[in-house]
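Subject: Structure handover

Hi,

Here is the structure I promised to pass on. Could you open it alongside this email and follow along?

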Amino acid sequence: MNATSRRRFLLQSGLLVAASAIGCRRSEAPAVILQSQRNVVQTLEGVPATDGAGVRLTRVIGQPSLRNLDPFLMLDRFHSDDPGAYINGFPNHPHRGFETVTVMLEGRMRHRDSRGNSGLIAGGGSQWMTAGRGLIHSEMPEQVQGLMSGFQLWLNLPAKEKMCPPAYQDHTPEQLAEERLSPSGSRARVIAGHMNGLQGPVRERPTRPLLLTLALEDDRPFELDTPSDHTTFAFVSTGEVDLGPEDTSKPVREGSLALLGPGSRLRVRARNRRSELLIAAAMPLREPIVQYGPFVMNTREEIQQAFDDYRAGVLDQG
């Protein structure tokens with residue numbers, strides 16, 4: 001998606017209109033800060049896809065209907081109790097110019113890279129990997145009672161940080177910030193950013209992200225604060241939820257992404273059964289996006305340099 005089409009998409013969704021109004025308005029009365037509610041402006045379903053060594057998954061962001069959502073580049077949902085759908089995993093592959101976030105709900109994922117780093121992402125844990133200048137790594141599932149479930153999210157890096165040194169932030173389930181939301185066991189788990197007083201363990205990132213999962217066990221509504229200037233979406237992985245203010249909320253069903261309009265507060269309510277969702281918000285970069293597979297840069301020349309470095313065996317050096 002080029003800059004013009006991205007701008008058109010954001011204008012249609014109301015995001016740029018709101019940003020302009022917020023940026024230009026000057027208060028002529030005593031300052032009163034109101035918490036505006038986010039509404040659903042668009043929903044779309046993921047599409048079946050394969051990646052790695054034939055891993056079957058659902059591609060949500062990165063599909064033809066939504067190539068990217070600045071600064072989000074890709075969202076994949078993987079969920080299967082059939083080992084044939086995922087057991088061959090993601091053998092060695094390169095990355096440059098962005099960050100990958102793996103959110104494990106069930107199962108485990110073993111990762112290794114060309115610099116000798118390795119680790120295990122357990123069910124309920126997460127990994128925030130900054131590819132930066134470049135890494136060649138693998139992600140291989142390890143079975144736990146046959147079920148593999150989770151997400152992988154890609155976030156762009158600003159031009160000035162695309163060639164930064166690679167880095168990992170691995171977090172066990174116990175390191176995530178968790179809060180019980182209702183007597184029936186509804187809970188929130190925060191990976192990055194602040195939510196209602198909870199602080200996720202991920203260190204500050206350039207896009208100032210908020211990333212969390214919700215598991216709702218009843219229809220009690222829940223509200224959370226979101227940064228008003230961030231691109232924000234919710235993906236429903238289980239069940240069905242109402243999103244938005246009570247009088248204008250929209251139902252979002254399992255397997256669907258909801259793009260949320262401007263505002264600083266989001267209301268969520270499970271409809272009639274157990275529901276789970278991923279909520280993400282991050283500051284848009286508004287920079288050119290030139291992507292070719294696992295390389296995301298700002299110009300075609302930089303993409304060509306990434307290929308040249310990969311072929312020369314120096315992608316991860318420097």
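Below are some notes on salt bridges and on one strand.

First, the ground rules: this is a predicted model, where local features need pLDDT of at least 70 and side-chain atom pairs count only at pLDDT 80 or more, while totals for chains, interfaces and linings use all residues. Residues are numbered from 1 along each chain as its sequence is written, and side-chain values use heavy atoms, with hydrogens and water left out.

**Salt bridges**

I took a salt bridge to be a side-chain nitrogen of Lys or Arg within 4 Å of a carboxyl oxygen of Asp or Glu. By that rule there are 18 salt bridges. Strands here are DSSP runs of E with at least two residues, numbered from the N terminus.

One of them joins E142 to R110, with 2.9 Å between the closest N and O atoms. E142 sits in strand β10 (residues 135-142) and R110 in strand β7 (residues 108-113), so this contact ties together parts 32 residues apart in sequence. For accessibility, buried means under 20% relative accessible area, exposed means over 50%, and partly exposed is in between (1.4 Å probe, protein chains only). E142 is partly exposed at 22%, and R110 is partly exposed at 28%.

Next, R265 and D225 form a salt bridge, their closest N and O atoms being 2.3 Å apart. Here the pair ties together parts 40 residues apart in sequence, because R265 is in strand β23 (residues 265-270) and D225 in strand β18 (residues 222-225). R265 counts as buried at 18% relative accessibility, whereas D225 is partly exposed at 29%.

Then there is R271 with E240, meeting at 3.6 Å, N to O. This one links distant parts of the chain, 31 residues apart: R271 is in the loop between β23 and β24 (275-282), and E240 is in strand β20 (residues 240-243). R271 has a relative accessible area of 35%, which makes it partly exposed, and E240 is partly exposed too, at 23%. Both belong to a salt-bridge network that also takes in D242 and R269.

**Strand β6**

Strand β6 (residues 98-106) has 7 of its 9 residues buried, so the rest of the structure largely encloses it. Two strands count as paired if DSSP finds at least two bridges between them. β6 runs antiparallel to strand β11 (residues 148-156) over 8 bridges, with E99 partnered by L155. β6 also pairs antiparallel with strand β9 (residues 126-130), over 5 bridges, and there T100 stands opposite M129.

Cheers

Technical notes:
Helices (H or I, at least four residues) and strands (E, at least two) are DSSP runs, numbered from the N terminus.
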